[in-house]
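Hi,

Here is the model I promised to hand over. Have a look, and my notes follow below.

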Amino acid sequence: MRPLFWLTALLGAVVPLLMLWDIIANGLPGLSIEFLSQPPTDTGRSGGILPILFATVWILAICLSVTLPLGLGCAIYLSEYIDSHSSAARWIGLSLDILASTPSIIFGLFGYALFAIYLNFGFSLLSGGLSLACMVLPLFIRTTEHALRACPIHYRQAASALNIRQSGFILRILLPISGTGIAVALILSSGRALAETAVLIFTAGYVSRQPDSVFDSGRTLSVHIYDLSMNVPGGQQNAAASALVLVLLIMLINSTARLLARRYISYDQTPL
Amino acid sequence: MAIDLWLPRILQLCAWLCAAIIIAIMTFLLLESLPLIIESGFWSFFQLQAWQPEENRFPLLAMLIGSLLVASGAMLIATPLGIAAAIFGRYYAPTPLAIAYRGLMELLAGIPSVVFGFWGLTILVPWIAHWSPPGASILAGILVLTLMILPLVVLTCDAALLKVPPQYLHGATALGLSRWGTIRHISLPTAFPAIASGIVLQMGRALGETMAVLMVCGNVIQLPDSWFSPVRTLTANIALEMSYAMDNHRAALFASGLLLLLSATALMLLADHYRQKNCVQY
Amino acid sequence: MITSRLSHSPPTLNLSEVSVYYGQKMAISQVSLTIPSGKISVLVGPSGCGKSSLLASINRMTDLTPNCRVSGKIHIDQQNILHPSTSLMHLRRQVGMVFQQPNPFPLSIEDNIRFPLKEHGQKDPKQVQKITQKVLEDVGLWKEVSQRLKTPALQLSGGQQQRLCIARCLALSPDVLLFDEPCSALDPLATQKIETLIRQLRGRYTILMVTHNLSQARRLADYVAVCWTEESGAGCVVESGDNQRIFEHSVHPITRSFCQGVDGATKDSPI
């Protein structure tokens with residue numbers, strides 16, 4: 001049986017590696033300082049991706065600035081204020097689980113209906129960022145909750161014995177200790193958000209110039225790759241280079257997260 | 001102290017807000033699609049006729065079948081490969097290789113679907129076109145989706161195998177039992193509920209995948225007659241038509257979104273059921 | 001290399017200058033012991049002095065730990081089982097091991113015995129039935145479980161699980177039995193049953209047991225080896241001999257203090 005397993009494992013590693021190789025080989029020629037610092041011209045066939053990088057950073061920032069407080073609040077509530085077997089915990093957990101397994105296009109639909117149309121934000125960085133926030137919240141909450149629960153029990157015991165208020169314990173002891181874990185959660189969520197395309201196509205829109213404000217439309221790297229490869233004949237060169245940039249960025253982000261703390265991530269719970 | 005009064009309330013608000021998101025999503029999907037469902041009737045969506053927005057006809061069946069075929073095909077390939085690769089990493093590979101392998105899988109798991117789609121579009125589809133034009137087909141979709149799902153299947157199975165109590169394995173070694181015998185009779189049955197749960201979860205993800213299948217499946221709404229026929233999945237349909245859909249057409253897209261959400265939820269609950277079974281010690 | 005089983009008496013174990021290393025750290029150093037055939041030999045000593053490591057080296061369970069290295073020679077009758085050409089499968093059939101925590105497989109009671117037999121080549125259902133009944137009778141479980149052989153083994157009590165694990169070992173017809181603190185996870189009643197069982201196994205098997213319970217050693221052992229931790233941190237055997245001599249007329253000051261309960265031996269005691 002042994003050779004069979006080696007063979008299968010080899011297959012499972014070689015094919016993706018070939019794909020990565022293709023991406024690197026095709027993208028590298030187009031990569032340059034100019035590419036990273038110029039705006040796109042000729043609907044993206046030439047020029048660079050500067051405004052796209054800007055829009056990407058903006059959308060990510062909006063997403064994280066909503067995810068962090070909301071998700072942290074929820075995680076603290078789940079970990080510190082209610083019993084994990086109570087019905088409140090089970091209902092919240094269930095709704096987060098369903099949210100986590102929701103296909104990403106649904107967030108696009110929802111974001112379009114709620115943010116773009118109903119709240120009248122239109123196709124904008126804001127709509128895109130908020131929709132992304134809805135999508136990454138379950139991941140962020142679950143990872144943060146993990147980190148909070150990992151706080152060593154003797155700190156909790158000491159705080160109880162000294163009759164320290166719960167709010168004091170959370171703000172002064174728990175959060176600082178869990179800092180790394182929360183950072184990991186944030187980084188993982190960023191990686192996930194960056195990889196998304198379907199959510200953004202009809203919330204943040206397609207515009208490829210520099211957005212003026214959060215209410216203006218813009219496109220991220222992933223949307224740019226999609227547009228260039230599907231809608232712009234001859235755009236493949238730049239699409240390949242953008243793909244390389246995106247992959248490198250995400251690899252960097254995810255490696256940082258995993259390096260920071262292996263013990264906050266477990267694959268049996270998170271449907272990443 | 002005042003802070004102890006309002007801090008718990010704020011946190012509770014955050015928690016329920018987060019929990020409410022899925023309710024909001026379902027509500028919006030329902031609101032947008034209900035008029036059409038009431039007007040045309042529930043079963044009108046499950047006809048095999050052509051999708052004709054101009055004629056007010058929105059049968060989803062062909063696209064649903066397309067989604068199911070692509071997702072199932074990918075899972076059928078990825079599942080045995082993934083389990084075997086996980087067994088390799090846990091039981092046959094020397095430790096440094098196993099760590100490197102897992103690291104590779106983790107890296108691959110983070111690669112965006114649009115990049116897989118791009119590779120499929122520029123490399124895989126032309127290659128398939130050599131054998132049978134046009135190239136964009138179910139086969140392309142299955143292969144690309146398999147590549148996407150495989151790392152996650154490997155990682156979930158690996159986590160499941162890790163949970164097998166080491167004392168079973170020590171006992172087996174002390175009895176001089178063969179490695180494959182131990183894996184087959186002890187490790188796999190013990191890890192099975194967790195593996196099953198992971199597989200079902202990945203199936204849900206495969207069904208919900210949009211970009212990669214959109215880019216390589218050809219997007220013709222039809223019942224496929226061979227592996228080389230182009231198809232359109234439900235997800236791709238929404239992505240392609242949403243920007244110009246009006247009124248009933250748009251409602252139909254929301255309805256297909258609702259269908260997707262319900263299927264994904266059903267699969268997730270099934271996966272959860274398997275995971276609960278795992279926790280029950282007999 | 002298959003040991004010839006022409007003689008019916010169980011083998012003698014000879015350890016010559018055996019040391020066990022974890023990486024650079026020596027767990028137990030230069031142990032030379034003779035474990036007599038068919039008798040119950042017990043390794044006693046405080047925790048951390050390397051007795052379990054020494055035990056594990058005899059059926060090469062030490063191979064499982066990545067950094068672990070065993071030097072010296074371990075002879076079972078005439079064969080040095082530390083030699084790389086030794087067949088591990090045959091070694092572990094010949095040498096059975098019972099662990100501190102009972103670890104039956106998550107299978108039914110009868111499958112716990114059938115599965116190892118099948119793996120070692122015994123597939124005839126009649127034979128398997130016969131062997132299962134015999135070993136369960138040997139460990140005193142047959143009356144308790146004969147009506148429910150198909151139920152999960154994990155539903156048995158701790159003591160019953162441990163006896164099942166012993167039965168599982170016996171099913172492979174070993175010559176040597178290694179017990180690593182077999183009763184430390186059990187209550188006194190279950191302990192008593194296991195001790196009775198071990199006594200009954202004497203003569204048919206060469207038995208080596210590790211325990212930190214001195215009264216248990218006193219009750220069971222024919223032959224005792226006293227382990228201690230040296231100043232360097234490695235373990236060693238300070239004295240060995242038969243039961244009566246060690247517990248009543250020992251020579252070594254550590255043995256005297258430890259086994260006869262005179263004060264508590266201190267690190268300053270000369271070795």
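How many residues does the contact take from chain B and from chain C? It takes 17 residues from chain B and 21 residues from chain C, where two residues are in contact if their C-beta atoms, placed from the backbone, lie within 7 Å. On the chain B side, helix 6 (166–174) and helix 7 (179–208) are the elements giving two or more residues, and helix 6 gives the most, with six residues. (Helices are DSSP runs of H or I, at least four residues, numbered from the N terminus.)

Before you dig in: this is a predicted model, in which local features need pLDDT of at least 70 and side-chain atom pairs count only at pLDDT 80 or more, while totals for chains, interfaces and linings use all residues. Residues are numbered from 1 along each chain as its sequence is written, and chains are lettered from A and ligands numbered from 1 in the order in which they are written.

As for the other chains, two pairs are in contact, and chains A and B share the most contacts. Chain A and chain C have no contact, and their closest C-alpha atoms are 15 Å apart.

Now the inside. A nonpolar core here is a set of buried Ala, Val, Leu, Ile, Met, Phe, Trp, Tyr and Cys residues joined through C-beta atoms within 7 Å; buried means 20 or more other C-beta atoms within 10 Å of a residue's own. The largest core has 184 residues, with B:V115, B:L145 and B:V216 touching the most other members. Helix 5 (residues 138–162) of chain B gives the most to this core, 19 residues. Another core, of 80 residues, lies apart from it and includes C:V135 and C:Y223.

Cheers

Terms used: Buried ≥ 20, exposed ≤ 12 C-beta atoms within 10 Å, placed from the backbone.
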